[in-house]
Amino acid sequence: MTVTTVTDLYPTRGTAEVTVPRQDPVVWGSPDTPGPITTAGLHAYERDGFLAVDQLIGPDEVEVYRRELDRLVSDPAIRADERAIVEPKSKEIRSVFEVHRISEVFANLVRDPRVVGRARQILGSDVYVHQSRINVKPGFGASGFYWHSDFETWHAEDGLPNMRTVSVSIALTENHDTNGGLMIMPGSHRTFLGCAGETPKDNYKKSLQMQDAGTPSDEALTALASEHGIRLFTGKAGSATWFDCNCMHGSGDNITPFPRSNVFIVFNSVENTAVEPFAAPVRRPDFIGAQDFTPVR
């Protein structure tokens, strides 16, 4: 029997924080790869690590997806499912994972050429869904997500070897500058920050409500923010933000009366499928880090 050893390019969850220059391309596709993103848009994505789209889907489509979100979060069967994550304080549903499998409405969104076409352009290959979810951030106290790099977790706990993964957050409500919107440090995707501390068993049960393992230090975050600055994303419902898996990002609490809900889809290259976790005792469940690598068609 042949055992294939995968080199760990991005060590993390050790005794101390480490920084490693990015070892992978940002844009894997060639400039002439057909798709919705312009050449200038790809250059901007490569430089900043993100690309904002003012209107990815239209108002009528927004209503379809928002109604489906409302249906899912009000369904008692969904609430009882392990794929539903609830707020620690209010006990309201915060996220529902694997929505492209639960809902045909969201499955159609994943297959939409405006969505999957951009992912193929950026990643330069066929893609599959590593993770999907709807996020519900109602007004008056919904909690945010602390600063983190998604790749740090997906590498450590899901076993993704390389930075060949892209996320899209599609707004289903208006993103104001006050209701807990997405913040990204532009350019931070070019440096990997390996976090200190071992990964507890079943860490995902806690981390999906409040990040702990994989959290950067205040000193590291201060250095990154001082170098790169922070960009806050606002926009109408139907707008979208594409961002690289290694961007340092987070979001604040929503203490306004205005809800912020979105659908979040993570595309991974079929040439970057998961292996054993690099820094966790066991891999996370499939609904968080997919083991089905079937390309989106």
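Residues are numbered from 1 along each chain as its sequence is written, and side-chain values use heavy atoms, without hydrogens and water. Because the model is predicted, local features need pLDDT of at least 70 and side-chain atom pairs count only at pLDDT 80 or more, whereas totals for chains, interfaces and linings use all residues.

## Overall form

The chain holds nine helices and 13 strands; helices (H or I, at least four residues) and strands (E, at least two) are DSSP runs numbered from the N terminus. Its radius of gyration is 18 Å, close to the 19 Å given by the globule rule for 297 residues, so the chain is as compact as a globular protein of that length. The radius is taken over C-alpha atoms, and the rule is 2.2 Å times the number of residues to the power 0.38. Along its principal axes, the C-alpha trace spans about 50 × 45 × 45 Å.

Of the 297 residues, 54% count as buried, where buried means under 20% relative accessible area, exposed over 50%, and partly exposed in between (1.4 Å probe, protein chains only). The accessible surface of the chain comes to about 13000 Å², and 53% of this belongs to carbon and sulfur atoms; the areas come from the Shrake-Rupley method with a 1.4 Å probe, and for residues only the protein chains shown count as cover.

Among contacts (heavy atoms within 4.5 Å) between residues at least 6 apart in sequence, 86% join residues at least 24 apart. The chain has 29 positive and 39 negative side chains, and the centres of the two sets lie 3 Å apart. Lys and Arg count as positive and Asp and Glu as negative, while His and the chain ends are not counted; each charge is placed at NZ of Lys, CZ of Arg, CG of Asp or CD of Glu.

Helix α6 (residues 113-123) is mostly covered, with eight of its eleven residues buried. Among them are Val115, Val116, Arg118 and Leu123. Gly124 follows α6 and has a positive phi, near 70°.

In helix α7 (residues 150-158), nine of the nine residues are buried, so this helix is largely enclosed by the rest of the structure. The buried residues of α7 include the charged side chains of Asp150, Glu152, Glu157 and Asp158. α7 is followed by Gly159, whose phi is positive, near 85°.

Trp154 lies in α7 and is buried at 3% relative accessibility. Not counting residues up to four places away in sequence, Trp154 touches His130, Gln131, Gly159, Leu160, Thr165, Ser167, Cys245, Val266 and Arg284. The C-alpha atoms of Trp154 and Pro76, 78 residues apart along the chain, are separated by 30 Å.

Ser167, one of the residues touched by Trp154, is placed in strand β7 (residues 165-171). Leaving aside neighbours within four places in sequence, Ser167 is also in contact with Asp150 of the chain, and with Thr241, Trp242, Phe243, Phe264, Ile265 and Val266.

Tyr204 is in helix α8 (residues 204-207). Beyond four places in sequence, Tyr204 touches Glu157, Arg284, Pro285, Phe287 and Ile288. Tyr204 and Arg283 are 79 residues apart in sequence and 9.5 Å apart in space, C-alpha to C-alpha.

| Residue | Relative accessibility |
|---|---|
| Ser167 | 0% |
| Tyr204 | 12% |
| Cys195 | 2% |
| Cys245 | 0% |

## Cysteines

A disulfide is a covalent bond between the sulfur atoms of two cysteines. With a disulfide taken as a pair of cysteine sulfur atoms within 2.5 Å, the count comes to zero. The sulfur of Cys195 is 14 Å from the closest cysteine sulfur, that of Cys245, which is too far for a bond. Cys245 is likewise in no disulfide, and the nearest cysteine sulfur, in Cys247, is 8.2 Å away.

Most residues other than glycine have a negative phi. Arg13, in the segment before β1 (18-21), has a positive phi near 65° and is buried at 7% relative accessibility. Glu98, in the loop between β4 (93-97) and α4 (99-102), has a positive phi of about 60° and is buried, with a relative accessible area of 13%.
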